[in-house]
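Q: I would like to learn how to read a protein model, one feature at a time. Could we go through an example together?

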Amino acid sequence: MRGLRCCLLALLATLLGGRGAGCQPIQAGNLHLLTTEEHKLVLNRQMKGVLPRDCHEMLMASSGQARDGVYLIQPGRFPVLASCAMQAGGWTVVQHITVNSSVSFDRTWAEYRQGFGSLTGDHWLGNQHLHDLTRGPGRYTLGINLVDKDGVTKAGEYDPFLIEDEAAGFRLRLGLYQGTALDALTQDTENYLHDNQRFTTKDRDNDNYFQNCAKLEFQGVAGGGWWYDACAGANLNRRNVIYWQKDCHKEHLCKYAWMMVKPSETLKLVHTGECRKDEL
Ligand SMILES: [Ca+2]
């Protein structure tokens with residue numbers, strides 16, 4: 001069985017690497033988020049040695065010179081490709097959606113685990129990679145960006161942000177919130193609380209509703225995978241209505257949403273506190 005797996009992997013590597021003379025094969029756990037033609041877009045594809053664990057580390061390694069685009073990072077055991085918002089401060093984009101996207105977000109547990117869509121457009125980076133990124137050793141911040149139909153942008157940050165491992169159902173753990181959008185994940189003004197919920201997909205029901213929230217349809221489109229309660233005060237994965245309580249809903253449509261992560265700034269405050277103590 002192990003021998004067969006090795007043979008299949010070798011065949012796969014030959015197929016991927018064999019396309020186009022002079023094409024440098026890229027090894028990543030989520031190569032399916034780019035087409036073969038898009039491999040040349042990976043900005044650090046020639047990088048030797050240890051890969052950065054996230055986009056922020058890549059930005060620091062480039063002395064702030066790295067530009068927006070797709071990079072190879074290694075938050076866990078294997079390299080993965082990720083879209084990096086460098087100009088905004090080195091965020092690793094973990095979700096991007098355009099309303100009525102051609103990318104379906106009505107996916108299985110396995111697809112949400114490994115990621116889907118296109119890194120150059122709408123995508124979900126993958127729950128396993130979200131876990132690897134946020135598990136530490138340092139703390140992470142979750143950033144949310146929402147753009148409505150008139151181009152007005154609202155944003156918010158949760159600090160800290162952690163996704164637990166698969167055995168724990170990729171449970172969502174959120175800290176304090178600040179932003180121009182309303183907090184739709186840790187507040188329960190709609191009587192739904194997303195913080196501390198496990199992830200639910202159409203083939204794995206971990207929510208608190210008598211049916212599967214991921215399967216519930218609005219105008220024929222399923223909700224998609226999310227950290228549902230019973231069901232949602234926010235859901236950025238519903239393809240036809242990006243939902244964020246009072247900021248994005250069916251009467252006030254949003255065009256785009258992004259979810260992204262970067263190391264928490266809170267650690268710097270801890271260091272500042274220690275320095276003050278030493279000075280006393
Ligand atoms: Ca249920």
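**Reading a covered strand and its surroundings**

A: Let us begin with strand β3, which is mostly covered, six of its eight residues being buried. Buried here is a matter of counting: a residue is buried if 20 or more other C-beta atoms lie within 10 Å of its own, exposed if 12 or fewer, and partly exposed in between, with the C-beta atoms placed from the backbone. Helices (H or I, at least four residues) and strands (E, at least two) are DSSP runs, numbered from the N terminus. This is a predicted model, in which local features need pLDDT of at least 70 and side-chain atom pairs count only at pLDDT 80 or more, while totals for chains, interfaces and linings use all residues. Residues are numbered from 1 along each chain as its sequence is written.

Q: Which strands pair with β3, and in which sense?

A: In a regular strand the side chains alternate between the two faces of the sheet. Two strands pair if DSSP finds at least two bridges between them. In this model β3 pairs in the antiparallel sense with β2 over three bridges, with β13 over six bridges, and with β5 (residues 123-124) over two bridges.

Q: Why is helix α4 described as largely enclosed?

A: An α-helix has 3.6 residues a turn, so residues three or four places apart point the same way. Helix α4 (residues 127-134) is largely enclosed by the rest of the structure because eight of its eight residues are buried. Among them are His-129, His-131 and Asp-132. The buried residues of α4 pack against β2, β3, α3 (109-114), β6 (140-148), β7 (153-163) and β13. Just after α4, Gly-136 takes a positive phi of about 105°.

Q: Where does Asn-30 lie, and which residues does Asn-30 touch?

A: Two residues are in contact if their C-beta atoms, placed from the backbone, lie within 7 Å. Asn-30 is placed in the loop between α1 (2-17) and α2 (55-61), and it counts as buried because it has 20 C-beta neighbours inside 10 Å. Not counting residues up to four places away in sequence, Asn-30 touches Val-80, Leu-81, Gln-114, Gly-115 and Gly-126. Between Asn-30 and Gln-114, which are 84 residues apart along the chain, the C-alpha separation is 6.8 Å.

Q: Which residues of the largest nonpolar core touch the most other members?

A: A nonpolar core is a set of buried Ala, Val, Leu, Ile, Met, Phe, Trp, Tyr and Cys residues joined through C-beta atoms within 7 Å. The largest one here has 64 residues, of which Cys-55, Leu-81, Ala-82 and Trp-244 touch the most other members. Strand β13 (residues 254-263) supplies the largest share of this core, six residues.

Q: Over which residues does pLDDT stay under 50?

A: pLDDT is the predictor's confidence in each residue, from 0 to 100, and where it is low, the predicted coordinates should not be read in detail. The protein averages a pLDDT of 89, and 86% of the residues score at least 70. pLDDT stays under 50 over residues 1-22, for which the model has three contacts beyond four places in sequence.
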